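Here are some short notes to read beside the model. Keep the structure open and check each point as you go.

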Amino acid sequence: MRGIEIFSELQREATVWRRYLHENPELHFQEYNTARFVAEKLASFGINHIETGIAGTGVIALIQGEGGDGPTIGLRADMDALPIAETSNKPWASKNSGIMHACGHDGHTAMLLGAAKHLAKSRNFKGSVALIFQPAEETEFPTGAFKMVQEGIMDRFGISQVFGMHISPGIDVGKFGTRHGSIMGSQDDFDIIVKGRGGHAADPSQTTDPVVIAAQIIMGLQTLISRKTDPLESLVISVTKLSAAQAYNVIPDQVEIGGTVRTSASSLRDFAEHEILASAQAIARGFGAEIEFKYLRSVPATFNSTEETDLAIQAARKLVGAASVDEKVKFCMGAEDFAYMLEARPGAYIFLGNGPTPACHNPAFDFDDEALLYGIGYWVRLVETALGSETNNG
Ligand code: NI
C-alpha cells in the first residue's frame, strides 16, 4: 500500500464529483451535462488541450509530460448510464427517473478526472496522456468507442497504447484483476428464417412444416458447441427469439429464429457464422425447405496484449502489492465496447474491486467511493510505469 494515502485528498474530491454524476445520469449519446461537467473540471485543472463533441458527446484532453519526448497513451472512461429505475435509496440516488448509473460509469468518470488533476500538476512523465471520456458504452452497434475510433482519435491524438478499467462487484475493494489475452467476450446476433410451405394444421402432409424444421435447427445448433468446438475454447450460442403462426390451426409458411453468439476470440466468430449457416441449411434442405440467414457482428472480444498487460499488472502491484493483483482473473463472457479501441491499438483492460455489492445492471447497484482511491492511484501509477523517465516504454 506504499504511498496510496497521497491520493486521499483527491479521493474526497472525486467522491463529490461521483455522487453528482450519480444523481444526474444520462443515457447513451445524451451525456451533454456529463460532458460539460467533465470539460469544465479538466479546464479547472489547467489543462488547455480539451476537445469536446467527439462521437457526439465524447471529450478528450491531452496532458503533456515534462520528462521530454515520448509516446502518447490513452486512458479511457465511459460516461453513460442505463435505462433502469434505481432502488439504492442512497442520498445521491438518481434524480432522472428511469435512468441510473448501474454500471459504475459515474465512478469511472470521476476516477479519470481525479487522475487528470494529479497528472496535470505532477507532469512527471515523458510523452503525453490522452484522457478519453467516452459516450455510449451501453448501447447497440455503433457504440461510443466504435464511433470514436471511426472518427480517427487514435491517429489524431497520436495514441500508441490504450488502457481501460471497470469496477467489479465480487472483487474486494483495493484489489485488481486482469489477464493476458481475451478478458471479455464478443457479442454477435443472428437471424434464421426457415421457409417451408404452410397449410391446414389438420393436413400436415400437404405442407413443408417450418415449425418442425426450426425445432431441429435449434437442437442442431447445440451440437455445434458440444461436438464441433474445442472444449478449451469459449463459445456460447443461445436461441432467444422464435416466431411462428399466431393460430392453433395454421402451419405457417415460415418460422423466424433469432439468437446471440458470444465468444472469447475472433476466430470463433468466423467459425460460428460459418457453422450456424451450414448446419441450418443442411437441416432445412433435408426437409425440402430453404433458409435465409443473417449474422450481425457487434462488439469484438476484449483482447489484452502482452506488453500492455504486463504494464497494467506492474502499475497495480506498485499501488497495492502483488498479493492484491489477480493476474489470471476469470474470463467474463459479457461484452465491453472498449474492445474496439483494443482492435485499433494494443492495450489492457483491468477490473477494480467494488466489494460484495449487487451486480452491475442491478437496480440496487452503487459504486463504492472507497474504490475511487484505488482507481485514481492505478491511473497515476500506470502513467508513471508506461511513461516514466527512468524506465523505457515497455
Ligand atoms: Ni460498464
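1. Start with the buried side of helix H7. In this predicted model, the buried residues of H7 are Leu268, Arg269, Ala272, Glu275, Ile276, Ser279, Ala280, Ile283 and Ala284. Look down the helix axis. The buried residues of H7 fall within an arc of 150°, so they line one face of the helix. In general, an α-helix has 3.6 residues a turn, so residues three or four places apart point the same way.

2. Now turn to the other side of H7. His274 and Ala282 are exposed there.

3. What do the buried residues of H7 pack against? Their partners include helix H6 (210-228) and strand E7 (181-195). Strands E9 (235-243), E11 (254-263) and E12 (290-297) are also among them.

4. Check the length of H7. The helix covers residues 266-286, which is 21 residues. At 1.5 Å a residue, the span should be 30 Å. The end C-alpha atoms are 31 Å apart, which agrees. Gly288 follows H7, and its phi is positive, near 80°.

5. Step back to the whole protein. Domain 1 takes in 4-173 + 354-386, and domain 2 takes in 185-298. Their centres, taken over C-alpha atoms, are 40 Å apart.

6. Last, the metal. Which residues coordinate the nickel ion? They are Cys103 (SG), His105 (NE2) and His166 (NE2), at 2.1 to 2.3 Å. Along the chain, the donors follow the spacing C-x1-H-x60-H. Are Cys103 and His105 buried or exposed? Buried means under 20% relative accessible area. Cys103 has 8%, so it is buried. His105 has 0%, so it counts as buried.

Terms used:
Residues are numbered from 1 along each chain as its sequence is written. This is a predicted model: local features need pLDDT of at least 70, side-chain atom pairs count only at pLDDT 80 or more; totals for chains, interfaces and linings use all residues. Side-chain values use heavy atoms; hydrogens and water are left out. Domain bounds come from an automatic or database domain assignment. Helices (H or I, at least four residues) and strands (E, at least two) are DSSP runs, numbered from the N terminus. The expected span of a helix is 1.5 Å times one less than its number of residues. Buried means under 20% relative accessible area, exposed over 50%, partly exposed in between (1.4 Å probe, protein chains only). The arc is that of the directions from the helix axis to the C-beta atoms. Contact means heavy atoms within 4.5 Å. Donors are N, O and S atoms within 2.8 Å of the metal (3.2 Å for Na, K and Ca); water is not among the atoms, so sites may look incomplete.
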